[in-house]
Structures are given as C-alpha cells and as structure tokens.
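Student: I have a structure open and I'd like to go through how its parts pack. Can we take it piece by piece?

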Amino acid sequence: MKLAYWMYAGPAHIGTLRIASSFQKVHAIMHAPLGDDYFNVMRSMLERERDYTPVTTSVVDRNVLAQGSQEKVVDNIVRKDREEAPDLIVLTPTCTSSILQEDLQNFVARAQLDAKGDVLFADVNHYRVNELQAADQTLQQIVKFYIEKARKVGDLQTQKTDRPSVNILGVTTLGFHNRHDCTELKRLMADLGITVNAVIPDGASVEELKQLPRAWFNLVPYREIGGLTAQYLQTEFQMPLVDITPMGIVETARCIRSIQAVLNSQGEPVNYEGFIDEQTRFASQAAWFTRSIDCQNLTGKKAVVFGDNTHAAAMTKILAREMGIQVVLAGTYCQYDADWFRDQVSEYCDRVLITDDHTQVANAIAEIEPAAIFGTQMERHVGKRLDIPCGVIAAPVHIQNFPVGYRPYLGYEGANQVVDLVYNSFTLGMEDHLLEIFGGHDTKEVITKSVSTDSELNWSRDGLTELNRVPGFVRGKVKRNTEKFARDRGLTQITAEVLYAAKEAVGA
C-alpha cells in the first residue's frame, strides 16, 4: 500500500466492512488503531443511515502492543455476540494492524467456542488488494462459508425454482447509486417474467445464502464486486452467469438477450425481442433523444471518461456509440483488471489511460481540454479548476451523489438518467453567450494554479486583469498556453507582458 492524500479506491478493510455492514444481522469487528475507524462516520453520513453502523473497533493501543491482542479481540467478539445477537461476526484487521502479523484466524477459533453466532475471519491480503478487490473476496468467503455449512448439515437448497429466477450479486452499501440500480433491476426482471431469488449482500440475511443455488442464473451488474461469488456458484452448481452491465440502450438490450439465451438453454422458450423493441422505440426516452436535434448538437464534441471499470467502460460506449460524442480519453483506476477495460473501450476512444494517480488524470485533462468530463469527484474538482463541466459517474463520490430521489443508472430508466447527465454536463453555445452578456465568467475569480501539484507559477495583478479581458469561452485555453509558455522559459510570475509575449509566440 502507498501513502496518499487522495485515493480512488480505499484500503482493503473498507471493502470488507462494506460487505459485512450490507448484510442484515452481521456485525464487523475491526482490529485497528483509532485512526482507521472512519468507516462508521462515512457510511452514516453518505447513506443517511438512521441506525448505527454495525461495526466495532477493537482498538490497538500501547497496552495491546505490550501484552498482545488475543484476549482483547476475543472479549470484544464475545461481548458483541451477547449484546447484538448477530448471525455472523466478521473480524478484519487493517493495513496498519496487519503489520503486527498476528494469527487472527486463531483468535476467531478461540472466540467461536464462547460465541453463539458464527465468527469468520475475512482473509484478504491488506498489502496487495484495495477496497474493491477485498469486497469481492469477502463476499465470496461469506457465501462459501454458509454454502458449506448448509451442505454439512444437509440443509442446502439446490432444487431450482418452478419459474425462472435470478440472484443479483454485488449490490452493496456505499456503492454508486447501487440501491437505485437494484430497484430498477428488480423492475426489469419483473417485466421479463423473472423472479428475484436473492439480492446479496445489501439487505440480505446470511440465512438466505443456502437458497442461492435455487436460482436459474446469476446476474452480476458491476464488474468490481460479485464476480468471484458468481464464479464460485458456477463451479459448484453449474449456475449460468450474466455479467453484462445493462447501462445504456445498447448494453441493456445485450444483457436481456444474454438472459434470454440462458433461459432458452434451460428449456424456457422466452423471446424478449418484442420487449426490447417496445422499450427502445416507445417506453424509453433515451433512444429518441439520441436522434433529436439536441443530441445532434453534441456530435463531435470531445469528452474524457474516467472511473471504475463498470461505469467508465459503459459511459465510453454510450457517448461514442449512442450519442456521437468523441471520447478522446477513457480511463480507469482498476489497474488489476486493465486487460478487460482495454478490450471493452479501445474501439470507442482515441486513448486509454489506466492509473490510480489522480495527478496523471488531471494533467491529461488539462492537456486535452475536452468539452466535458465524466468521472469521479476528483475529476469534478479538476474540471472546476479548469472551467470544464463534469458529470460524476463513479466512486469516489460526495454526499450529493447519494440522492434522495430515484436516480438509477442501469436499465431503461437508467438510460434516461444517463442521457440527462450527459446533456446537462455540456456547456452549450447559448449558455456561454449568456454568461458573457451577464458577466458570469467575469465575476468569477480566475484560477491561477496549475493542475500539476509541482507548479510554482503565480499571476501578477496586471496579468490577471489582462486575462479577465479574454472572452470566457477561450480563457481557460489562453491561461494554460500562457502558463506553458512561462514554464518553458523558467518564469515564476506571469505579468501582462508575459501574457502578450505568449500570445505572439504560441497564439495563446
């Protein structure tokens, strides 16, 4: 792990806690120093939870370091088992406490002797995996634990449901619009005549996990979480897997056709082509909008896309294939899954960027100067500094990306929401014109710092005055060209004279 003040994906224990706190009647105990216990505040704030987050910190302090942790950890597990009566307690260290190299699996075995509920150690490598990978692994471990437990006592349910049914895997707390997406997926399945057998982990009980093999297939809407669980169920019970994210008109149709093929292969003669046609042509507004004059005004505009694999890949396809927008750069911070991302987006964008360094992304945006950005809250902040509009499409996010109203990104209603996000993210010509007339740009304080963190450029008062006279719609470009001119010549302050010289030299 590296020390950073801004990260796209959090440390591994955050992923484990997301999974544990998504289930009902599951309590997580985090073996960590006090500085690592921010998850409770983050979840309560972002998800606007009314109840306390079911996470307890077993604090590593100087006494623990001197005497050892086992007694304290075991006491905390047994105490929470007695107070909360959970079905399962999950124990996880953090990157910090992992340095101690303690045998936490042995702590769990000792606590299980006195606890009435189940106790499980989340076995993930905190040095090698991030939040998303740890969440994927933890979910698989919990599912495997209860499948094997049910198998041992002869309580495993493997008889398929009478009618087609599905398990939706990977919907979690703190997921980007996950709960809204889940509601939309349930509606879509109902429209297709498919019963939802289980949604895990969000809102599920661990007692439901023994029922997972009853479904006809598994749907994994997000690339980051749920895939390992689906692969496990596929290996153990030959359960078919659909892992196409139904985001946008084209990919939603492709997902439905994949579901149709899965059901047909199991003897269910369904045909969803009529449903797809009706939704595309009449029910959804997204397909109509992409043929309208409003969308045609966006044709050829340049955009940058960056986020997790699921949303960045889907948004790149929507912009390029459905809306005629040129994606000059598509990127992801999921470096561990880089090959999949390249395969998905290469034909729809000019350039692919795979990095978890936000400064690389910021500098690429500053160099490209797109008309709009579709990224995380980090790219939104970059866009503010460069005066480029940004639509947020993936975590990391701010509380404003946990809307109270219904805003799914998946399915046909999700396609409508994405179209609105895209259209409203671009600054159109008339808007720029009105901003100029009413002084919108000129009343803003001009950004004087470069996106690069190593920049030491400063603007003098007369330089800023002259820059403010530049029309707003080209001011950002003039500023960046002037700063490049100054940087190339080793200047640290930009005066009006430097601005004039840059104009003559590079056409700033």
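Student: At roughly what angle do the axes of helix α1 and helix α7 cross?
Tutor: This is a predicted model. In it, the axes of α1 (residues 12-22) and α7 (residues 131-152) cross at roughly 40° and come within 7 Å.

Student: Why give an angle and a distance?
Tutor: Two packed helices are described by the angle between their axes and the distance between the axes.

Student: What does that make α1 and α7, parallel or oblique?
Tutor: Angles under 35 degrees count as roughly parallel. The α1 and α7 axes cross at roughly 40°, and the two helices are therefore oblique to each other.

Student: Is the crossing of α1 and α7 left-handed or right-handed?
Tutor: The crossing of α1 and α7 is right-handed.

Student: Which residues meet there?
Tutor: From α1, A12, I14, G15, T16, R18 and I19 take part. They meet E131, L132, A134, A135, T138, L139 and I142 in α7. By class, the contact of α1 with α7 has eight nonpolar, three polar and two charged residues.

Student: OK, now α4 and α6. How do their axes cross?
Tutor: The axes of α4 (residues 70-84) and α6 (residues 104-112) cross at roughly 45° and come within 9 Å. That makes α4 oblique to α6. The crossing of α4 and α6 is right-handed.

Student: Which residues of α4 and α6 meet?
Tutor: In α4, the residues are Q70, V73, V74, I77 and V78, and they meet N106, F107, R110 and A111 in α6. Sorted by class, the contact of α4 with α6 has six nonpolar, two polar and one charged residues.

Student: Changing topic: what is the order of the strands in the open sheet?
Tutor: The open sheet has four strands in the order β2-β1-β3-β4, with parallel pairing.

Student: Which strands stand at the edges?
Tutor: β2 (55-59) and β4 (118-121) do, each with a single partner strand, so one side of each is left without a neighbour in the sheet. On average, neighbouring strands of this sheet are turned by 25° against each other, direction ignored.

Student: And how many bridges join β3 to β4?
Tutor: Four bridges join β3 (residues 88-93) to β4, and the two strands run parallel. As one example, L88 has D118 in β4 as its bridge partner.

Student: Back to α1. Which strands does α1 lie across?
Tutor: α1 lies across β1 (26-32), β2 and β3. Its direction is at about 170° to β3.

Terms used:
Residues are numbered from 1 along each chain as its sequence is written. This is a predicted model: local features need pLDDT of at least 70, side-chain atom pairs count only at pLDDT 80 or more; totals for chains, interfaces and linings use all residues. Side-chain values use heavy atoms; hydrogens and water are left out. Axes are lines fitted to C-alpha atoms, for helices over the stretch in contact, and angles run from 0 to 180 degrees between N-to-C directions. Angles under 35 degrees count as roughly parallel, over 145 as roughly antiparallel, 65 to 115 as roughly perpendicular and the rest as oblique. A crossing is left-handed if the near helix is turned anticlockwise from the far one by less than a right angle, and right-handed if clockwise. Contact means heavy atoms within 4.5 Å. Ala, Val, Leu, Ile, Met, Phe, Trp, Tyr, Cys and Pro count as nonpolar, Asp, Glu, Lys and Arg as charged, and the others, Gly among them, as polar. Two strands pair if DSSP finds at least two bridges between them.
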